[in-house]
Amino acid sequence: MTDRSPRLAGKKALITGGAGGIGSAIAAAFLKEGADVLITDLDDDAAIATAERLSDLGRIQGIGHDVTSEADWRTAVETAESTLGGLSVLVNNAGIWVSGTVEDTDYATWKHGLSVNLDSVYLGTRIAMPLLRANQPASIINLSSIAGLIAGPNIAAYNTAKAGVWMLTKSTALAAARAGDSIRCNSVHPFFIDTGLLEDVFSKDGTRKAIGESERDRLARQTPMRRLGTTDDVAYAAIYLASDESGFMTGAELKIDGGISAM
Ligand SMILES: NC(=O)c1ccc[n+]([C@@H]2O[C@H](COP(=O)([O-])OP(=O)(O)OC[C@H]3O[C@@H](n4cnc5c(N)ncnc54)[C@H](O)[C@@H]3O)[C@@H](O)[C@H]2O)c1
């Protein structure tokens with residue numbers, strides 16, 4: 001397929017958590033396929049620096065944005081309209097790792113985990129919907145996790161939030177279809193992907209510390225394919241879901257998990 005046109009030509013994409021591992025890989029992949037991109041992140045300096053780093057690939061801008069804030073969401077969507085000229089792809093990617101059993105998890109930690117990982121997707125979908133409707137065919141891609149489908153004893157808030165993202169995706173998809181809108185909504189469920197978030201998995205005190213090969217090996221051994229996922233593994237799936245190639249796919253879950261959920 002060497003003579004094909006870019007798969008995302010004309011698409012206008014907003015990616016949250018765009019300074020992080022998966023978000024920045026999706027941004028780079030979208031730019032290479034011809035989309036215009038706005039990345040947002042809680043860390044505004046990192047959002048701006050990431051956009052600068054990727055600017056050779058295409059048209060991209062970075063801004064600060066706390067996905068738990070309704071006001072920030074309104075500003076982000078307005079910025080998409082003013083800088084991209086509309087919005088046809090929303091990637092709800094920002095998220096945080098939250099560890100702890102249900103008894104270990106205090107109420108503040110629970111609420112913060114649910115707010116960043118789940119309420120954010122509700123807010124973004126609701127606030128972006130009118131602009132997506134004005135730019136059909138449109139696509140919403142929600143980063144859930146294998147942890148949204150398979151529980152662990154020590155990630156009560158993370159499991160709950162990611163399972164919520166999975167169902168919210170389906171409800172959003174069905175509502176858009178019933179309204180006759182060409183706005184598709186699908187969820188992506190990675191297993192261990194080699195980003196900074198894995199450092200949080202091993203953290204004992206909530207601060208990020210670099211992990212070594214032995215920790216990576218420990219995680220890799222848990223997957224049937226015996227390796228960690230790469231950010232490109234997720235970005236390739238996001239290209240497909242953002243493009244019109246996935247035009248008959250909505251309310252679906254795409255697992256990028258090295259086979260773990262097949263067990
Ligand atoms: N890495 C994995 O193994 C893995 C597996 C399954 C699912 N996921 C999901 O993929 C998504 C991306 O994760 P990642 O691995 O790239 O992690 P990451 O830590 O590299 O990136 C996450 C980004 O989200 C941003 N962020 C955090 N809180 C925010 C907030 N309140 N508002 C806006 N931005 C905020 C961070 O600043 C960071 O840049 C997350 O939703 C995560 O749960 C990751």
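1. Let me start with Asn117, which sits in helix H4 (residues 107-133); helices here are DSSP runs of H or I with at least four residues, strands are runs of E with at least two, and both are numbered from the N terminus. Asn117 has 1% relative accessibility and therefore counts as buried. In these notes buried means under 20% relative accessible area, exposed means over 50%, and partly exposed is in between, with a 1.4 Å probe and protein chains only. A polar atom of the Asn117 side chain lies 2.8 Å from the backbone nitrogen of Ile96. Such a polar contact is a pair of N or O atoms within 3.5 Å; within protein, one must be able to donate a hydrogen and the other to accept it, and residues adjacent in sequence count only if both atoms are side-chain atoms. Leaving out residues up to four places away in sequence, Asn117 touches Gly95, Ile96, Val98, Tyr158, Ala161, Lys162 and Val165, where contact means heavy atoms within 4.5 Å.

2. A word on the basis of all this. The model is predicted, so local features need pLDDT of at least 70 and side-chain atom pairs count only at pLDDT 80 or more, while totals for chains, interfaces and linings use all residues. Residues are numbered from 1 along each chain as its sequence is written, and side-chain values use heavy atoms, with hydrogens and water left out.

3. Now to helix H2 (residues 44-54), whose buried residues are Ala47, Thr50, Ala51 and Leu54. These residues are on the same side of H2 because they cover an arc of only 100 degrees around the axis; the arc is that of the directions from the helix axis to the C-beta atoms. An α-helix has 3.6 residues a turn, so residues three or four places apart point the same way. Asp45, Glu52 and Arg53 are exposed on the other side of H2. The packing partners of the buried residues are helix H1 (21-32), strand S2 (36-41) and strand S3 (60-64). At the N-terminal end, Asp43 caps H2, with a side-chain oxygen 3.3 Å from the backbone nitrogen of Asp45.

4. With 15 residues, H3 reaches 21 Å from its first C-alpha to its last, close to the 21 Å expected at 1.5 Å a residue; the expected span is 1.5 Å times one less than the number of residues. Its buried residues are Trp73, Ala76, Val77, Thr79, Ala80 and Leu84. Seen down the axis, the buried residues of H3 fall within an arc of 155 degrees, so they line one face of the helix. Ala71, Glu78 and Ser82 are exposed on the other side of H3. The cover over the buried residues includes strand S1 (12-16), S2, S3, strand S4 (89-92) and H4.

5. Both ends of H3 deserve a look. Ser69 caps the N-terminal end, placing a side-chain oxygen 3.4 Å from the backbone nitrogen of Ala71. Just after H3, Gly85 takes a positive phi of about 80 degrees.

6. On to the ligand, which 28 residues surround, the closest being Asp41, Tyr158, Ile193, Thr195 and Arg208; a residue is near a molecule if one of its heavy atoms lies within 4 Å of it. A ligand nitrogen is 3.0 Å from a polar backbone atom of Val67. The protein covers 92% of the 830 Å² of accessible area that the ligand has on its own, with areas from the Shrake-Rupley method and a 1.4 Å probe; for residues, only the protein chains shown count as cover. H1, helix H5 (156-178) and helix H6 (197-202) are the elements giving two or more residues to the shell around the ligand.

7. Two backbone details are worth checking in your viewer. The peptide bond from Gln136 to Pro137 is cis, with omega near 0 degrees, and Pro137 is in the loop between H4 and strand S5 (138-143). Arg226, although not a glycine, has a positive phi of about 60 degrees. Arg226 belongs to the loop between helix H7 (213-220) and H8 and is exposed, with a relative accessible area of 56%. Most residues other than glycine have a negative phi, and most peptide bonds are trans.
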